[in-house]
Amino acid sequence: MKIELRGRNVLLLVLVAIVLISGVVNPRFLSVQNFLNILLQISVLGMVSLGATVLLVSGNLDLSVGSLISLSAYVAGMGLLRGVSLPLAIFLCLSVATLFGFFNGFLTSLERAHPFIITLGMMTFLQGIAVVISRGSPINGMGGLYELIGIRSILRIPFPVILFGVLFMFTSFFLRHLPLGRYAYAIGGNQEASRLSGIRVGRVKIALYAINGLFVGIAALVLSGILDSALPTMGTGYELRSIAAVVIGGTPLFGGRGGVWGTLLGVFLLGLVSNSLNLMGISANFQNVVLGAIMVMAVMFQGSR
């Protein structure tokens, strides 16, 4: 716990330093509108990162979330394009994401291969399905989904930010107070000891992966609502950035400790860096260099603790 707090305090200091430096370099950075833009930009990554946190504290991970965002959003878009109602399109999107999350959990529970390999294969499989059914073409105009999620605000706060806040509070309660959340920490700490103490490890893994899939489905709806479109590759990159945000926030790759507060700081760090580089006119390619360097340093810092 002391190690987590120390790491979190260091991260807070880094965030404050980034805010101060960015504010000096470009005063527009400190405007209320810019902070609302940052919150909107990190909301989708935040939702995916919350699901990744649930998995990582149990010592598992999912590399297929980016492809699953693309596929489930495209399924919702196809439904709307064919005239299904908005609630049914949302149901289809969440069902596809949760079912594939469940399937990932089932394969992982068999313990015949590392989750890295299983979900890496699933990432290629799902991306292939998304490209095949879309034939590489985007769906533009999400209709009611865009109006419901994409442009709506409450007290100037964008709806995706509010939704991210709700999911954050749920995940915090889930990990701290519900038996399944405590089992996740136990499995991440020592899987064999958890099994001997009566925890049904396989079932817990399936449930955690299904929850992660549900979070991915919600993120897919929000992203397609914000973009007002569904693209077959719209989720590319979210798998690594979400894991990076969780690791930067102090949850180790081997599990057993960590939590959503650290993840929130990790997501903020990536969002602040990206936003300040945008305001400075730094190209997207160089931004990837900076973000990649931050990820590597975070993993090395984790390894030294």
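A: The crossing of H3 and H4 is right-handed, a label used when the near helix is turned clockwise from the far one by less than a right angle, with anticlockwise giving left-handed. Helices here are DSSP runs of H or I with at least four residues, strands are E runs of at least two, and both are numbered from the N terminus. This is a predicted model, where local features need pLDDT of at least 70 and side-chain atom pairs count only at pLDDT 80 or more, while totals for chains, interfaces and linings use all residues. Residues are numbered from 1 along each chain as its sequence is written, and side-chain values use heavy atoms, leaving out hydrogens and water.

Back to the pair. The axes of H3 (residues 65–81) and H4 (residues 86–109) come within 8 Å and cross at roughly 155°; axes are lines fitted to C-alpha atoms, for helices over the stretch in contact, with angles from 0 to 180 degrees between N-to-C directions. That makes H3 roughly antiparallel to H4, since over 145 degrees counts as roughly antiparallel, under 35 as roughly parallel, 65 to 115 as roughly perpendicular and the rest as oblique. Contact means heavy atoms within 4.5 Å. On the H3 side the contact residues include Leu 68, Leu 71 and Val 75, and on the H4 side they include Leu 92, Cys 93 and Ala 97.

H4 packs against H10 as well, at an angle of about 150° with the axes 7 Å apart. That pair is also roughly antiparallel, and H4 passes H10 in a right-handed crossing. Cys 93 and Ala 97 of H4 turn up here too, along with Asn 104, Gly 105, Thr 108 and Ser 109, among others, and H10 brings residues including Lys 205, Tyr 209 and Gly 213.

Not counting residues up to four places away in sequence, Lys 205 touches Asn 60, Gly 105, Thr 108, Ser 109, Glu 111 and Gln 191.

Next, Thr 119, which sits in helix H5 (residues 115–134). Thr 119 counts as buried, at 0% relative accessibility. Setting aside residues up to four places away in sequence, its contacts include Asn 104 and Tyr 209, both of which belong to the H4–H10 contact. Leu 61, Asp 62, Leu 63 and Ser 64 touch Thr 119 as well. A polar atom of the Thr 119 side chain lies 2.7 Å from the backbone oxygen of Pro 115. Gly 105 is 14 residues from Thr 119 in sequence, and the two are 9.6 Å apart, C-alpha to C-alpha.

Note on methods:
Buried < 20%, exposed > 50% of the residue type's maximum accessible area, 1.4 Å probe, protein only. Polar contact = N/O pair within 3.5 Å; in protein donor to acceptor, adjacent residues only side chain to side chain.
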